[in-house]
Amino acid sequence: MPRRKSDALSPSGKADADQLHITAGRRLSPEAREQQIVAKAIGHFATHGFSGSTRELARQLGVTQPLLYRYFPSKEALIERVYQEVYSWDSSWEKLIADRSIPLQERLSTFYKAYARTILRREWIRTFIFAGLSRDGLNTKYLTKLRDRVFIPVLRELHATYDIPPPSPGAQLDAEIELVWSLHASIFYLGVRKWVYGLSVPEDLDEVIDFQLDVFLNGTPATLKKMNAGIPRPSRRKTA
């Protein structure tokens, strides 16, 4: 019976030789071999985390340690390459969020469904969790990008759509960002449930995302107005 393909390694971290070992008996271009090493490293880190020596990593990848060093001079260099590969970013997301020719709910629905297809994968979720636990600063770059390119733009569009004054910098802005975090975290947590806890998640993720957006857009604008109600605004000087 043919073996079914899976995106997960077995619990012991082993797999068929042809899955883990770099192709033998066939010369690969440097670019192809590097990509192959990176692909296997992603699976390794998603299974075992970022602990362990480069010698063990090379053994798990099915290559010699000198060959690994030929392409990546250090473990940190390989981890950085894995980061770039796994945490890819689509700049069209930012344009979509800001496109006021499209209703806000439709924009957010389209964005979060595309974003979910990117992040709700075993490799993405598990490497992100492992990085947060053991690699100081690795996730910080991504979370900073998320804040600047998603959370703040979403808030900007909420304020514009519902005619709410912009937040004051500092504590007020931080409090509003927490509201967007709640939406984002509800979608991210679907991946944690599946790939960390091994629990089932709904099959129709698009429907779940639309439900979450209904909750978000029916509650957040009212909360923003309440948060802004007591904030004194600078008076506009009249001109003659």
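Which residue takes a positive phi just after α3?

A: That residue is G62, with a positive phi of about 80 degrees just after α3. A word on the basis: this is a predicted model, in which local features need pLDDT of at least 70 and side-chain atom pairs count only at pLDDT 80 or more, while totals for chains, interfaces and linings use all residues. Residues are numbered from 1 along each chain as its sequence is written, and side-chain values use heavy atoms, with hydrogens and water left out.

Start with α3 itself. This helix covers residues 54–61. Helices (DSSP runs of H or I, at least four residues) and strands (runs of E, at least two) are numbered from the N terminus. In α3, the residues T54, L57, A58, Q60 and L61 are buried. Seen down the axis of α3, these buried residues fall within an arc of 160 degrees, so they line one face of the helix. The arc is that of the directions from the helix axis to the C-beta atoms. On the other side of α3, R55 and R59 are exposed. Here buried means under 20% relative accessible area, exposed over 50%, and partly exposed in between (1.4 Å probe, protein chains only). An α-helix has 3.6 residues a turn, so residues three or four places apart point the same way.

Now widen the view. The protein chain has 11 helices and 0 strands. Of its 240 residues, 41% are buried. The chain exposes about 14200 Å², and carbon and sulfur atoms supply 53% of that area. Accessible areas come from the Shrake-Rupley method with a 1.4 Å probe; for residues, only the protein chains shown count as cover. A contact means heavy atoms within 4.5 Å.

Next, the charged pairs. The structure holds 9 salt bridges. Each is a side-chain nitrogen of Lys or Arg within 4 Å of a carboxyl oxygen of Asp or Glu. Side chains of opposite charge can pair when their charged atoms come close.

K141 forms a salt bridge with E80, and the closest N and O atoms are 3.2 Å apart. K141 has 41% relative accessibility, so it counts as partly exposed. E80 also counts as partly exposed, at 29%.

E157 pairs with R107, with closest N and O atoms 3.0 Å apart. E157 lies in α9 and R107 in helix α7 (residues 104–119), so the pair ties together parts that are 50 residues apart in sequence. Both E157 and R107 are buried.

A further salt bridge joins the side chains of R147 and D174, at 3.6 Å from N to O. R147 is in α9 and D174 in α10, and the two are 27 residues apart. Both count as partly exposed: R147 at 30% relative accessibility, D174 at 41%. Shared partners also join E34, R81 and E85 into one salt-bridge network.

Move on to helix α11, residues 205–229, where T220 is found. T220 has 7% relative accessibility, so it counts as buried. A polar atom of the T220 side chain lies 2.7 Å from the backbone oxygen of F216. Leaving aside neighbours within four places in sequence, T220 is in contact with L158 and L179.

L199 is placed in the loop between α10 (171–195) and α11. At 48% relative accessibility, L199 counts as partly exposed. Together with Y189, V196 and Y197, L199 makes a nonpolar surface patch of about 390 Å². Patches are made of residues with over 30% relative accessible area and no salt bridge: like charges are joined within 9 Å, nonpolar side chains (Val, Leu, Ile, Met, Phe, Trp, Tyr) within 5 Å.

One last stop is S92, in helix α6 (residues 92–98). At 36% relative accessibility, S92 counts as partly exposed. The S92 side chain makes a polar contact with the side chain of D90, at 2.7 Å. Such a contact is a pair of N or O atoms within 3.5 Å; within protein, one must be able to donate a hydrogen and the other to accept it, and residues adjacent in sequence count only if both atoms are side-chain atoms. The C-alpha atoms of S92 and F111 are separated by 9.2 Å, and these residues are 19 apart along the chain.
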